[in-house]
Amino acid sequence: MRLLDVEGLSKSYRQVGGESTLALDEISFQVDEKEFSSIVGPSGCGKSTLLMCIAGLIPPTSGTVKVKGIKVNGPPQNLVLVFQEYNKSLFAWRSVLGNVLFGLEAKRQLSSDAQERARHLLHLVGLEGFERHYPWELSGGMQQRVAIARALAYEPEVLLMDEPFGSVDALTRLELEDALLRLWKELKTTILFVTHDIDEAIYLSDRICLLSRRPSRVVQRIDVHLGRPRHQLATRADPKFVELRNEIYKQISDEAGK
Amino acid sequence: MKLLKKINFAGLASLGVLLLLWEIFTRASPLLQLYFPPVSRILLSLYQLIFSWELAGHFLASLGRFLSGYLLAAAVAVTLGIVLGHFRTAYSLSEALIEFLRPMPSVAIIPVAILFLGIGDSMMVAVTVYACTWPILINTIDGVRNIDRTLIDTARTFGLGRWKALGKIVLPAASPYIVTGLRVSLSIALILVTTSEMIVGGSGLGFFILDEERSLRTSNMYAGIVLVAMLGYSLNRLFLFLERKAMSWHRGMTAGE
């Protein structure tokens, strides 16, 4: 079933001089229910802008975003965005548990089983025993786990993630990728994941939407036919993985040569 | 043991030496005693004034004015600061007015307050509110304007409405700044209460101090000053205690002890 529908979405910014620059140029793609999709593109191509438009945090200049057929006009109830900068996104004055409970509080669903659900999610992201800690007492990778648990406690139908592992070290990144895949499988949510890392996108996704340089257009939609569960070593060594990566690199360098 | 470690014995000792010198020199010179009664006599006066309940009324009058002025200012300035900090239009509309009024010495408003409110409690409280508002307001506005965009966007993506976000996100996120403003205003409040009591008279520690000076009861005057100082000190300790409780989350994430 179709969950997310982006149609002809464009976004232009007015610059200081009064001229406007086009960041997103007629972007269209769809995401099906329970699918893990990625958006890949070079740094600065407007991926974050695209995600902000989908999340209803900024209005597009033209085009529409529909979640379950309903046009997005302001942040939708059934969708939540995880930011790259976990240290700016977590609430420093709340404990880890308090952060995870925030979404439920905002939804006015702070019943007794909310606590239980929050604790369960912290268990799933491997943060059992850290409920009473403040975010700054945790490492970067752990903080992003808190942010992910907080987003999932909200029980969104679509989870948007803006380069969530972009500011953690390489080893933590691999750990977090696998943790995310486990959560996605267990909770059966739909994920739209933005990254500039082609390997990461292939490793995680069912489908990839490849964007060009600014002004961003959709270059190609790629289906990833790799089995699940995936494995950091085996999957990345799979000839199909290598072939896919080569294809995407070629696309990007062709695009850059134009 | 922990408590003993915290006490600055060297500092207390130098204060003790100073008071001892005061005592020795004033006892040696009767002329000096007119202006500086010996410390022992000041403390005796304080003791007598306190236990004859002569000061209780003045003390309570000052404390009441202080509390109503300070708390009212805190409520008004924090609310206003959050709105002005969060909504750009509101800020640009009020910026010029704030920048004009803020540098003016607050005691200059006392005649205006007397003109409108007479010489009662309401005038003294109004003056205190006015003076205390500025540091809290300016710091709150600064704190709100320094909040990262991502934090607000996070609240929005969880469907939190704009007005609700002001209380749930903006207020706690700006609280380290707000607390700074509140601390500055604490001493300002006591200054304004004491000053206005001296000007309009009737009751309060400020009035008592000036009245005893005019009656040439200098040791009582100093006793009043010591009591005001003790009041200021206690209020400051109480503030720091409450701040430690409320801001424990912030102390750990920043430098300094």
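1. Conventions. Residues are numbered from 1 along each chain as its sequence is written, while chains are lettered from A and ligands numbered from 1 in the order in which they are written. Because the model is predicted, local features need pLDDT of at least 70 and side-chain atom pairs count only at pLDDT 80 or more, whereas totals for chains, interfaces and linings use all residues.

2. Overall build of chain B. Chain B has 13 helices and zero strands, where helices (H or I, at least four residues) and strands (E, at least two) are DSSP runs numbered from the N terminus. Its C-alpha atoms fill a box of roughly 75 × 55 × 30 Å along the principal axes. Of the 257 residues in chain B, 37% are buried; a residue is buried if 20 or more other C-beta atoms, placed from the backbone, lie within 10 Å of its own, exposed if 12 or fewer, and partly exposed in between. Among contacts in chain B with a separation of 6 or more, 73% link residues 24 or more positions apart, a contact being two residues whose C-beta atoms, placed from the backbone, lie within 7 Å.

3. A buried alanine in chain B. Ala73(B) lies in helix H5 (residues 56–86) of chain B, and it counts as buried because it has 27 C-beta neighbours inside 10 Å. Apart from neighbours within four places in sequence, Ala73(B) is in contact with Thr128(B), Val129(B), Cys132(B), Thr133(B), Ile136(B) and Ser185(B).

4. The interface. On the chain B side, 14 residues are in contact with 19 residues of chain A. Helix H9 (149–157) and helix H13 (248–253) of chain B each supply at least two residues of that side, and the largest share, six residues, comes from H9(B). By type, the residues on the chain B side divide into six nonpolar, five polar and three charged, with Ala, Val, Leu, Ile, Met, Phe, Trp, Tyr, Cys and Pro counted as nonpolar, Asp, Glu, Lys and Arg as charged, and the others, Gly among them, as polar.

5. An enclosed strand in chain A. Six of the six residues of strand S8 (residues 190–195) of chain A are buried, so this strand is largely enclosed by the rest of the structure. Thr190(A), Leu192(A) and Val194(A) point one way from S8(A), while Ile191(A), Phe193(A) and Thr195(A) point the other way. In a regular strand the side chains alternate between the two faces of the sheet.

6. Strand S3 (residues 36–40) of chain A pairs with S8(A) in the parallel sense over five bridges, pairing being assigned if DSSP finds at least two bridges between two strands; here Ser37(A) stands opposite Leu192(A). Strand S7 (residues 158–162) of chain A also runs parallel to S8(A), joined by five bridges, with Val158(A) opposite Thr190(A).

7. The antiparallel sheet of chain A. Four strands form an open sheet with antiparallel pairing, in the order S2-S1-S4-S5. Strand S2 (20–32) and strand S5 (70–71) stand at the edges, each with a single partner strand, so one side of each is left without a neighbour in the sheet. Strand S1 (residues 2–14) and S2(A) pair over nine bridges in the antiparallel sense, and Arg14(A) stands opposite Ser20(A).

8. Backbone details to inspect. In chain A, the peptide bond from Arg214(A) to Pro215(A) is cis, with omega near -10°, and Pro215(A) lies in the loop between S9 and S10. A cis peptide bond also joins Arg228(A) and Pro229(A), with omega about 0°, and Pro229(A) is found in the loop between S10 and helix H8 (232–237). In chain B, Trp53(B) has a positive phi of about 60° although it is not a glycine; this residue lies in the loop between helix H4 (39–51) and H5 and is exposed, with 9 other C-beta atoms within 10 Å. Leu216(B), likewise not a glycine, has a positive phi of about 60°, and lies in the loop between helix H11 (205–214) and helix H12 (218–246).
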